[in-house]
Structure formats: C-alpha cells, structure tokens
There are 2 protein chains.
Amino acid sequence: MIEATIEAIAELGFSATTIAEIARRAEVSTGLVAFYFRDKDGLLEATLRHLSSDLARAVVSRLRAAGSPRERIQAVIDANLGASQFHRRIATVWLAFWGQVPHNAHFRRVQRIYERRMISDLVDALKAYMAPADARHLAHATAALIDGLWLRGTLAGEEPATSRAREIVTAFVDTQLLLLDLALLRRPAQEPAHAIPRTHS
Amino acid sequence: MIEATIEAIAELGFSATTIAEIARRAEVSTGLVAFYFRDKDGLLEATLRHLSSDLARAVVSRLRAAGSPRERIQAVIDANLGASQFHRRIATVWLAFWGQVPHNAHFRRVQRIYERRMISDLVDALKAYMAPADARHLAHATAALIDGLWLRGTLAGEEPATSRAREIVTAFVDTQLLLLDLALLRRPAQEPAHAIPRTHS
DNA sequence: AGGTAGTTTGAACGCACATTCAGTCAAGGG
DNA sequence: CCCTTGACTGAATGTGCGTTCAAACTACCT
C-alpha cells in the first residue's frame, strides 16, 4: 500500500495523487486507507517514514562495512548518492515531500531527523582528522554538496549521473583532507592527520 | 495578483492554495484569473516565471558591478544565496515549485533555464582560470554546493544562515583556485593563472 | 449622449475528492 | 454449528474546487 503510494506520487505528483488511485494500484478498496492509516495524511506520513528508514538502512549497512573514518565518509556519500536514491521513482517522491515540508509539521519532523543524521554521521568520521568545530563546518559543506547534486540531478531528470556525482563529492572531501595535510606539514613537523586516524580529540 | 499567489503558496503550500484564496488576497474576483491567465495553471506558470526573472535580474545586476572573473563568480554566489532568495516567503515557494517540476512540462522548462543559466555564468568566469572542461566540472560542483546550501537552509527553516552559506561557497571556490595555482607552480615555471586572467584558451 | 472596447464581477455549475459506515467475508474458538 | 473478531468492501455523503458566463461597470472616443 505504501509502495502503491510511492508509485502514484512518482507518476502523478503530489497534488494529483488521490486515495482512489492509490487503492487501485494496491488492489484494495478506498476504505482500507482509513482502517490502517486513519486518513490520507497518515498514509503520506507513513510513506515518508518508509522512504527515510530505507535510506537510513542503506547508510547503516555501508557504515558497517567501512573500516577507516575515510571509508565511513565514503559510505555516507555512496548511500545518499547511490542508484537507489537517484532512481526517478524514489527521487521524485522525496522531492514532492520536500516541497510540502514547510507546511506540514509531521513531514518537518522526519526531515529534521534526515538532516541531522547525515551531519552527525559525517562529523563523527571527520573528527578523526580535525578539531570538532572544523569537522562540523566541513560536514555541513559536504552534506550540502551531496544534497545539491542530488537536487540538480533529480530536477534535470538525469538518470545516469550518479557515479559522476559521487566522484565530485569524493574529490571535494579528498581535497579538504589534502589541504589539511599540507597545512600540518608546513607547521611544526607532524604526520598528516589521516595517516594516523582517531588518535586525537 | 502574482504577488498574492506567492503569498498564498508561501503560507498555505502548493496543494492548499486555491483560486478563491488568491483572489481574496489580491482583492479581486475569482473570475479574473481566467481573464488574465486562462486558468490556474497559467497563473502558476506566470508566478514561477516571475520568481525566475527576479532572480535573473539580481544575478545580472551583480554581474554588471563585477570586474574580475573572480568577482563574477562571487556575483553568482551572492545573488543565489542573497537575503532575497533565502527569505522564507520566496524560498518556500521555489521549493513548492521544484516539487512539481517532474510532473509539469511548463515548470520543467523554466527550471532548465534556471539551471543552465547558473552553469553558464560560472563557466564563463571560470574559463579565465582553467581549461573549459575543468571549468564545466568546477561549475557543476559550485552550482550544486549553492543549491544544496539553499535547500538545506530552506528546509531547516533557518532564516539567518545566508552569510554563512556564502562563506562556505566562497571558501570552496578559493580553495579550488588555490590548488590550481599550486599545481601550476610545481610544473614548468608559470604564473598563477588568476594573476593573468583571460589570457589563454 | 450614445456607443464601444476593455475589465471586472460573482453566482451557478458540475465534477472530483476524502471520508464514513453499514455490511460482507473468512477464520478460529467454544 | 454458531459466535466473535478482525480484515476488508464500496456505495453514499457532503464538501470544496476550478471553470464558465451573462451581466455590470468604467473610460474613452465620436
């Protein structure tokens, strides 16, 4: 039923999605929505939560496979810009929900969780390389770059740009870490921070 | 009337905005919408075009005041992340339209113009510092960073983050240009490209 | 004054929607 | 074999929407 909702929003858009259409796709009656989700808004909220937890699962599973902090950063990048999130069917639905976020308290709460999770995942990993304040700073920039590439890719309707997007973010992060090394090397002699990760702060 | 539409979408959201509500705010009758814009969709498209040309004007006016290519890049950054675009009243309306883009051919056309304009403005300026292919690459990353910061700021509902967002993008661009200088200095002796802008390729 | 073209009105229309609810159906327990 | 519980149906209801259009109003010209 939630799957049918995703399908309908992806195909018809947010405002053109009706309960009758969702019921048709799910091969149930219209009345069943009220039985399980109280009303249409309840179904939509459940759908957004479903999308959000799908993404969270993708991130967690990649984080588990990651060893070094650098790999954990990459896990966040790859999960958020992975094929599953870029797939038109999913991406347009996210976008439709984002458009409603300012006017729906339920959606806003889910969005805050999404946003904070990405930041804290990135900050956790970046703290291995730099001071917490710098880590937060870079995490915000990285998160924005990820979301911006996702947004532009989705709006443009480009399907296959996913690997290119990941390369851009990867290069950005590597550049920032490289600059950190250079700065450290010029100061009182010290190893590049990410050759000996997780040893300070 | 277009102003009233912006106001209504900002306050109520896309799907809750009715012609009656717009007419009430504009202090006209509902029938007048049809007279000037054919139907509701025509009014919405005109509203999006209005927003788009407002932004374009802001960019052009800053570009005119800019001298060096570096200043032209900054003009794009400042115009897109300026207070006028971050103002909740405007930003939530943009967001609402973006959510409809995949399902409305008119909106999609306006979006393509917006997207390409930012890229070409950036590429034009960046070509002074690097090969066209590199310029396009960096332009995409910069544009994504701008849009990503805008998106996150708008979704989070933070009003005053505008100066911080601009700092992040500015720092990103400066870093990329700095790296270019470093690379050039290590190769066969050559001046940093942006000390002698616009002289090659 | 009369006429005309350009504006504006707002009630009427018909349609599409979310919600409701009385009722059907299937399964399991007593 | 009946009764209960939970899942599910779909027609009926009423509300709210965009659109239409005949009529009214305004300003300008002749």
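Biologist: Which class counts does the surface near DNA strand D have?
Modeller: This is a predicted model. In it, 14 residues surround DNA strand D. By class they split into 6 nonpolar, 6 polar and 2 charged residues.

Biologist: Which element gives the largest share of the surface near DNA strand D?
Modeller: Ser29(A), Tyr36(A), Ile19(B), Asp39(B) and Lys40(B) are the closest residues. The largest share is 4 residues, and it comes from helix 3 of chain A.

Biologist: What percentage of the atoms of DNA strand D within 4 Å of the protein belong to sugar or phosphate?
Modeller: The side chain of Tyr36(A) places an N or O atom 2.2 Å from one. For the side chain of Lys40(B) the distance is 2.8 Å. Bases make up the rest of these atoms; the sugar or phosphate share is 70%.

Biologist: How many residues does helix 9 of chain B give to the side that touches chain A?
Modeller: In all, 42 residues of chain B contact 43 of chain A. The chain B side has 24 nonpolar, 12 polar and 6 charged residues. Helix 9 of chain B gives the largest share, 13 residues.

Biologist: Which residue of chain A meets Arg152(B) in a salt bridge?
Modeller: The two chains share 2 salt bridges. One of them runs 2.6 Å, N to O, from Arg152(B) to Asp147(A).

Notes. Residues are numbered from 1 along each chain as its sequence is written. Chains are lettered from A and ligands numbered from 1 in the order in which they are written. This is a predicted model: local features need pLDDT of at least 70, side-chain atom pairs count only at pLDDT 80 or more; totals for chains, interfaces and linings use all residues. Side-chain values use heavy atoms; hydrogens and water are left out. Contact means heavy atoms within 4.5 Å. A salt bridge is a side-chain nitrogen of Lys or Arg within 4 Å of a carboxyl oxygen of Asp or Glu. Helices (H or I, at least four residues) and strands (E, at least two) are DSSP runs, numbered from the N terminus. Ala, Val, Leu, Ile, Met, Phe, Trp, Tyr, Cys and Pro count as nonpolar, Asp, Glu, Lys and Arg as charged, and the others, Gly among them, as polar. A residue is near a molecule or strand if one of its heavy atoms lies within 4 Å of it. A polar contact is a pair of N or O atoms within 3.5 Å; within protein, one must be able to donate a hydrogen and the other to accept it, and residues adjacent in sequence count only if both atoms are side-chain atoms.
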